[in-house]
Amino acid sequence: MTTLTSYPFALLLDRLFDAAEASSPATSPAFAHVSSEERARLMRSKTEYRDFYGQLKDFPLAVSRETGQLLYMLARSTGARTIVEFGTSFGISTLHLAAALRDNGGGRVITSEFEPSKVARARENLTAGGLIDLVEIREGDALQTLSVDLPDRIDLLLLDGAKALYPEILSLVESRLRPGAFIVADNADYSPDYLAIVRAPSKGYMSTPFGGDVELSMRLGECPPMF
Ligand SMILES: C[S@@+](CC[C@H](N)C(=O)[O-])C[C@H]1O[C@@H](n2cnc3c(N)ncnc32)[C@H](O)[C@@H]1O
C-alpha cells in the first residue's frame with residue numbers, strides 16, 4: 001500500500017483530476033477569442049507570464065495522471081527528502097510529491113505559486129490529503145521566492161510554471177541539485193533555451209523527452225550513497 005493508492009487519498013486525487021480534465025482553457029468559452037498561435041506565443045513569453053497566468057487563475061492546469069505517477073515513483077525510487085516545485089496551482093502535482101515524501105519517511109516540498117487564490121486552493125487540497133505538514137508553499141514570483149533559503153541538497157525538481165523561466169529557475173537551484181537528482185520539466189517544448197541546456201553534453205545533465213509532455217533530466221556527478 002502507498003499513500004497515493006490509500007483510501008480516501010486516492011479518491012481525493014481522482015476527484016481533482018476529474019475536475020482538472022473537465023476544465024481546460026483550450027475548450028473554455030473565456031479563451032475562445034485567443035488563437036492557438038497567440039496562446040503559444042504567451043506560453044513562451046518572458047515578459048507577459050504574470051498577466052497570462054492571471055487569466056488562467058481559475059484553471060487547475062495540472063500535470064497528467066501519468067506524470068503524477070512518474071513524480072511519485074521518481075521521488076520514491078531516489079529516496080527523496082527535499083523537493084522543489086516551480087508552479088503549484090491547485091496542488092495536484094504537490095500531492096504526488098508529498099505522498100512520496102510521506103512514504104519515504106518525511107521531508108519537505110518547497111513549492112511556489114504567485115496566484116493567491118491558487119495558494120489557498122493548494123493549501124486546502126494538501127490539508128484534505130493530510131500532507132500539508134510536508135509542504136512549504138512560497139507565495140510570490142518564483143524568481144524571487146526560490147532565490148532564497150533553499151536546502152543545501154535538493155533531490156528532485158519539478159518545473160511546471162511559466163515555461164520561458166525554466167532556465168532561470170534551474171540556475172537558482174542548480175548548485176544544490178545532488179548528483180542523481182531528477183528534474184521533471186512539463187511541456188518543456190515551449191522552452192527551447194531550457195532544452196538546449198539540459199541536452200548539451202557539457203552542462204552536466206543526461207536528458208530525454210518522456211511520455212509526450214515531459215523532459216526528464218538527471219544531474220550527473222558522483223552519487224553519494226542514498227541511505
Ligand atoms: C501548469 S500550472 C502548475 C500545475 C501544477 N504543477 C499541478 O500539476 O497541479 C502552472 C502554475 O504556475 C504558476 N506560475 C507561473 N509562473 C510563475 C512564477 N514565475 N512564479 C510563481 N508561480 C508561477 C501559475 O500561476 C500556475 O498556477
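Below is a short chat about a predicted model, its sheet and its ligand site.

Colleague: Start with the sheet. How many strands form it, and in what order?
Modeller: Seven strands form an open sheet. The order is β3-β2-β1-β4-β5-β7-β6.

Colleague: Is the pairing parallel, antiparallel or mixed?
Modeller: Mixed.

Colleague: Which are the edge strands?
Modeller: β3 (135-139) and β6 (205-210). Each pairs on one side only.

Colleague: And what does the twist average from one strand to the next?
Modeller: The average is 15°.

Colleague: Zoom in on β1 and β2. In which sense do they pair, and over how many bridges?
Modeller: Parallel, over five bridges. β1 covers residues 82-86, and β2 covers residues 108-113.

Colleague: What is the bridge partner of Glu 85 in β2?
Modeller: Thr 111.

Colleague: Switching to the ligand. How many residues surround it, and which are the closest?
Modeller: 25 residues surround the ligand. The closest are Val 63, Gly 87, Ser 93, Glu 113 and Asp 160.

Colleague: Which elements each supply at least two residues of that shell?
Modeller: α3 (49-55), β1, α5 (92-104) and β2.

Colleague: How do the shell residues divide by type?
Modeller: Twelve are nonpolar, seven polar and six charged.

Colleague: What about backbone contacts to the ligand?
Modeller: Val 63 puts a backbone N or O atom 2.8 Å from a ligand oxygen atom. For Ala 142, a backbone N or O atom lies 2.9 Å from a ligand nitrogen atom. For Ala 162, a backbone N or O atom is 3.2 Å from a ligand nitrogen atom.

Colleague: How much of the ligand's area does the protein bury?
Modeller: 98% of the 610 Å² that the ligand exposes when taken alone.

Methods:
Residues are numbered from 1 along each chain as its sequence is written. This is a predicted model: local features need pLDDT of at least 70, side-chain atom pairs count only at pLDDT 80 or more; totals for chains, interfaces and linings use all residues. Side-chain values use heavy atoms; hydrogens and water are left out. Two strands pair if DSSP finds at least two bridges between them. Helices (H or I, at least four residues) and strands (E, at least two) are DSSP runs, numbered from the N terminus. Axes are lines fitted to C-alpha atoms, for helices over the stretch in contact, and angles run from 0 to 180 degrees between N-to-C directions. A residue is near a molecule or strand if one of its heavy atoms lies within 4 Å of it. A polar contact is a pair of N or O atoms within 3.5 Å; within protein, one must be able to donate a hydrogen and the other to accept it, and residues adjacent in sequence count only if both atoms are side-chain atoms. Accessible areas come from the Shrake-Rupley method with a 1.4 Å probe; for residues, only the protein chains shown count as cover. Ala, Val, Leu, Ile, Met, Phe, Trp, Tyr, Cys and Pro count as nonpolar, Asp, Glu, Lys and Arg as charged, and the others, Gly among them, as polar.
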